[in-house]
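Here is a short tour of a two-chain model. Follow the residue names on screen as you read.

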Amino acid sequence: MTERSITPPVVWPTKATEVPKEIFVREDVYREELRRIFMGPEWFPIAHASELPNRGDFKTCFVGEVPLLVTRDDEDELHVFYNSCAHRGAQLETRTSGNKRAFQCPYHRWTFDTKGALIGCPLKPGDSVAFSREKYPLSQPRMAMVHGLIFVTLCDAAPSLAAFLDGYEDKLANVMGGDGRLRLLGYHKTTLHANWKTYHDNDAWHAPLLHTAFRMLDWQGGKGCQFANARGHRGFESVLSLPVGQTLLSDASLIEYRGGDLSRGSCSLHLFPLFAAVKHLDTIGLRFVNPRGVDRTELHFAYFGREDDDAEMTRHRVRQSSNLLGPCGMVSMEDAAMFQRLHIGSRTPGMQVFQKGVKDEYAMPREFSQNDEAVNILSWEYYRRVMGFEKEAACPA
Amino acid sequence: MPGVSLDDLRRIDELQVRYLDALDRKNMAAWAGTFAEEAQYICTTAENEDAGLPLALMMDDCRGRIEDRVKFVEKVWAGTFQDYQTRHFVQRLACTAARAGLYSVRSNFAVAFTRSDTGESSILAAGVYDDLVDLSGGQALFQSKRVVVDSPVLPHYVVYPL
């Protein structure tokens, strides 16, 4: 691979703590990211099995610009297909979700079942020497599942999902409340007016200074830690602390915790390049994110309860998830506003700089305290290498 | 609207105008004042609704939560967001008497918004209002307002109720 498509070339600073702002706003960088990252050897979570609980359920989504179709067949098996008719390539299913046993392309009436087999087609013997139904199933990207979370990669050369997750399977389970036995509660979907990397760099966990609600509730974070690895993934786990004696809210159920064990009650996980999962109080949220251009990112918050929740716990999770997080949520509405400002600011020259927790400006950090922003540095180094951006030569003695 | 007097329709429409005027003026106390003492405000998407999913974008299902939303806008989020100006447009579609003094009202709505940072006007949300309006007291009030947004994906974060 070469960098000829990116002109002038992006030159990455020597300091590990700096990120060039231009990468957030350059159209040519974005096109190259689609090729190297979204079509590259990464794995993308696109759905949780509990979003398709019944036979015949389907969901459509995108990875980068590529449309995908997820189905549950009559034997309860999950499948992922390219959402494109095997004949002339038209988008096969246009709805975001639903339940059906057959997908028919209206153009020439080719019809596929939930396993992707071509089961109907008006071609008659003699219409074509090249045709047989068996030769034209829906084509599929590689797919794998962990704790019910469905991952795909569009790259044949991608490593196994286990190699991609690099030991983070347990952390994924923690965020889901122990394992993948979830029940879907619903979605918040919104558009961020920001580059996808602004989301990648700032969501899931950031300094609580932004959130006035925490200050007004006198709500301090519990003792916890951040972690990150060279594969670009990072996360946060902490004891859940609860606000005491708050007087802000008339209905305190918004910040009530009924989940029992506080020890890992607050955790988040961010997988390179874009997926985030957050468990806070009694909310369990998986955040499916996809770029829609260099300056637009679509964010689908999917919220879940646990399979064994009783009706009262389900009601509590629904009421808490609805109002705490998301594009209208008490502690996250302002995130979207901040991402937008970061994006607009990226049109100025120079670097974004990481400070808190930096011990050596030129080295990859290894340990992080709870509120360190140095934790983001590892995923930027992974990004830089994937994109083939060379570092400036000179390194001071 | 058979069975509903013109005077009742006038009072219902006046309540709707009071509601949208409160929001377009960003007067959250006046917004909360359009609801009865025991009332609910729920805003969800047609996607969640059609799939039978209970999650909402805003679930203020008791008086306390309606009052808390006033605090979110006026106190919690103050200074953290780029403001925008809304213009609500509401068209009553149907009105039926649920029981004495209580009316079920369905309306189309659209909310245009103009961002303060870009100056661009576009549509923030369109959908339907399903309301229960209480006319038994001196002033018409919402006992319930259920907002169902047509688009599954909001084009922008939402500060004020819809």
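Leaving aside neighbours within four places in sequence, Leu52(A) is in contact with Ala47(A), Asp57(A), Phe58(A), Lys59(A), Val70(A), Arg72(A) and Leu78(A). Two residues are in contact if their C-beta atoms, placed from the backbone, lie within 7 Å. This is a predicted model, in which local features need pLDDT of at least 70, side-chain atom pairs count only at pLDDT 80 or more, and totals for chains, interfaces and linings use all residues. Residues are numbered from 1 along each chain as its sequence is written, while chains are lettered from A and ligands numbered from 1 in the order in which they are written.

Leu52(A) sits in the loop between E2 and E3 of chain A. Helices (H or I, at least four residues) and strands (E, at least two) are DSSP runs, numbered from the N terminus. Is Leu52(A) buried or exposed? Leu52(A) is buried, because 21 other C-beta atoms lie within 10 Å. A residue is buried if 20 or more other C-beta atoms lie within 10 Å of its own, exposed if 12 or fewer, and partly exposed in between; C-beta atoms are placed from the backbone. Leu52(A) and Leu78(A) are 26 residues apart along the chain, and 8.7 Å separate their C-alpha atoms.

The largest nonpolar core has 123 residues, and Ile46(A), Leu68(A) and Val70(A) have the most contacts inside it. Domain 1 (44–146) and domain 2 (179–382) of chain A both give residues to this core, so it lies between them. A nonpolar core is a set of buried Ala, Val, Leu, Ile, Met, Phe, Trp, Tyr and Cys residues joined through C-beta atoms within 7 Å. Domain bounds come from an automatic or database domain assignment. A second, separate core has 12 residues, including Ala16(A) and Phe368(A).

**The two domains**

The centres of domain 1 and domain 2 of chain A, taken over C-alpha atoms, are 33 Å apart. Their contact takes 11 residues from domain 1 and 11 residues from domain 2. On the domain 1 side, E2(A) gives the most, with 4 residues.

**Where the chains meet**

The contact takes 32 residues from chain B and 34 residues from chain A. Which element gives the largest share of the side of chain B that touches chain A? H4(B) does, with 8 residues.

Now compare two helices. The expected span is 1.5 Å times one less than the number of residues.

| Helix | Residues | Span, first to last C-alpha | Expected span |
|---|---|---|---|
| H4(B) | 14 residues | 18 Å | 20 Å |
| H6(A) | 14 residues | 20 Å | 20 Å |

The buried residues of H4(B) are Arg65(B), Ile66(B), Asp68(B), Arg69(B), Phe72(B) and Val76(B). Seen down the helix axis, they fall within an arc of 160°, so they line one face of H4(B). The arc is that of the directions from the helix axis to the C-beta atoms. The face turned away from the buried side of H4(B) carries the exposed residues Glu74(B) and Lys75(B). Among the elements that cover the buried residues of H4(B) are H5 (212–216) and H6 (311–324) of chain A.

H6(A) has buried residues too, among them His316(A), Val318(A) and Leu324(A). What covers them includes E2 and H4 of chain B. Just after H6(A), Gly326(A) takes a positive phi of about 85°.
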